[in-house]
Amino acid sequence: MKTFLLLLLGVTAVILVLANLGPMILLAVSLVVSYYAVKKFVLADTIGQKALWAIAILIGLSISLTNLPALIGVAAFVVLYYTYKVWKKDRHETSSLDDGLFNENAKGSW
């Protein structure tokens, strides 16, 4: 039952990630633009340059705020990652248990 629920959770997370892939890419691009603009804003010397970079920062942040549905995709990606970790851990524990039961060296410990 646990395996089925993990599989169901993983499939649902994959569908959500794929459905929100476009907004997630645009969110990443807008965050990169904002980061670059902040770095250039700090290094700017004149008030005019600072004003232009401030406008670029506002544009990048406004694009980021319009992509709030992309956060659903990011959350689904995090759920998918943790589901994979639990699945892998569960599979490893099961295989090590099987190795101990059917190993020739382990028969003496029965």
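**Figure 1. Overall organisation of the protein chain.** The protein chain comprises four helices and zero strands. Read from the N terminus, the order of elements is α-α-α-α. The model is predicted, and the mean pLDDT of the protein chain is 82, with 82% of the residues at 70 or more. Among the elements, helix α3 has the highest mean pLDDT, 93, whereas helix α4 (residues 70-102) has the lowest, 74. Of the 110 residues in the protein chain, 19% are buried. When contacts between residues at least 6 apart in sequence are considered, 70% of them join residues at least 24 apart.

**Figure 2. Packing of helix α2 against helix α3.** Helix α2 spans residues 21-43 and helix α3 spans residues 47-66; the two pack at an angle of about 160°, and their axes are 8 Å apart. Because angles over 145 degrees count as roughly antiparallel, α2 is described as roughly antiparallel to α3. The crossing of α2 past α3 is left-handed. The residues of this contact comprise 14 nonpolar, four polar and two charged ones.

**Figure 3. Residues at the contact of α2 with α3.** On the α2 side, the contact is formed by Leu26, Leu27, Ser30, Leu31, Ser34, Tyr36, Ala37, Val38, Lys40, Phe41 and Val42. These residues meet Lys50, Trp53, Ala54, Ala56, Ile57, Gly60, Leu61, Ile63 and Ser64 of α3. Two members of the α2 set, Ser34 and Tyr36, are taken up individually in the next two views.

**Figure 4. Surroundings of Ser34 in helix α2.** Ser34 is placed in helix α2 and is among the α2 residues that meet α3. Its relative accessible area is 7%, so Ser34 is classed as buried, the limit for that class being under 20%. With residues up to four places away in sequence left out, Ser34 touches Ile57, Gly60 and Leu61. Each of Ile57, Gly60 and Leu61 is listed among the α3 residues in the contact with α2.

**Figure 5. Tyr36 in helix α2 and its separation from Ile57.** Tyr36 is another residue of helix α2 that takes part in the contact with α3. Tyr36 counts as partly exposed because its relative accessibility is 48%, and this class lies between the 20% and 50% limits. Along the sequence, Tyr36 and Ile57 are 21 residues apart, while their C-alpha atoms are 8.5 Å apart in space. Ile57 is also one of the residues touched by Ser34.

Figure 6. Pro23 is found in helix α2. With a relative accessibility of 26%, Pro23 is partly exposed. Residues up to four places away in sequence aside, Pro23 touches Asn67 and Ala70. Pro23 and Ser64 are 41 residues apart in sequence, with a C-alpha to C-alpha distance of 9.5 Å.

Figure 7. Leu65 lies in helix α3. Its relative accessibility of 59% places Leu65 in the exposed class, for which the value must be over 50%. A C-alpha separation of 8.6 Å is found between Leu65 and Leu27, which are 38 residues apart along the chain.

**Figure 8. Thr83 in helix α4.** Thr83 has its place in helix α4, the element with the lowest mean pLDDT. The relative accessibility of Thr83 is 8%, and the residue therefore counts as buried. Neighbours within four places in sequence being set aside, Thr83 is in contact with Leu6, Leu9 and Gly10.

**Figure 9. Ala19 in helix α1 and its separation from Gly73.** Helix α1 covers residues 2-19 and includes Ala19. Ala19 is exposed, its relative accessible area being 57%. Although Ala19 and Gly73 are 54 residues apart along the chain, their C-alpha atoms are separated by 7.7 Å.

Conventions
Residues are numbered from 1 along each chain as its sequence is written. This is a predicted model: local features need pLDDT of at least 70, side-chain atom pairs count only at pLDDT 80 or more; totals for chains, interfaces and linings use all residues. Side-chain values use heavy atoms; hydrogens and water are left out. Axes are lines fitted to C-alpha atoms, for helices over the stretch in contact, and angles run from 0 to 180 degrees between N-to-C directions. Angles under 35 degrees count as roughly parallel, over 145 as roughly antiparallel, 65 to 115 as roughly perpendicular and the rest as oblique. A crossing is left-handed if the near helix is turned anticlockwise from the far one by less than a right angle, and right-handed if clockwise. Contact means heavy atoms within 4.5 Å. Ala, Val, Leu, Ile, Met, Phe, Trp, Tyr, Cys and Pro count as nonpolar, Asp, Glu, Lys and Arg as charged, and the others, Gly among them, as polar. pLDDT is the predictor's confidence in each residue, from 0 to 100. Buried means under 20% relative accessible area, exposed over 50%, partly exposed in between (1.4 Å probe, protein chains only).
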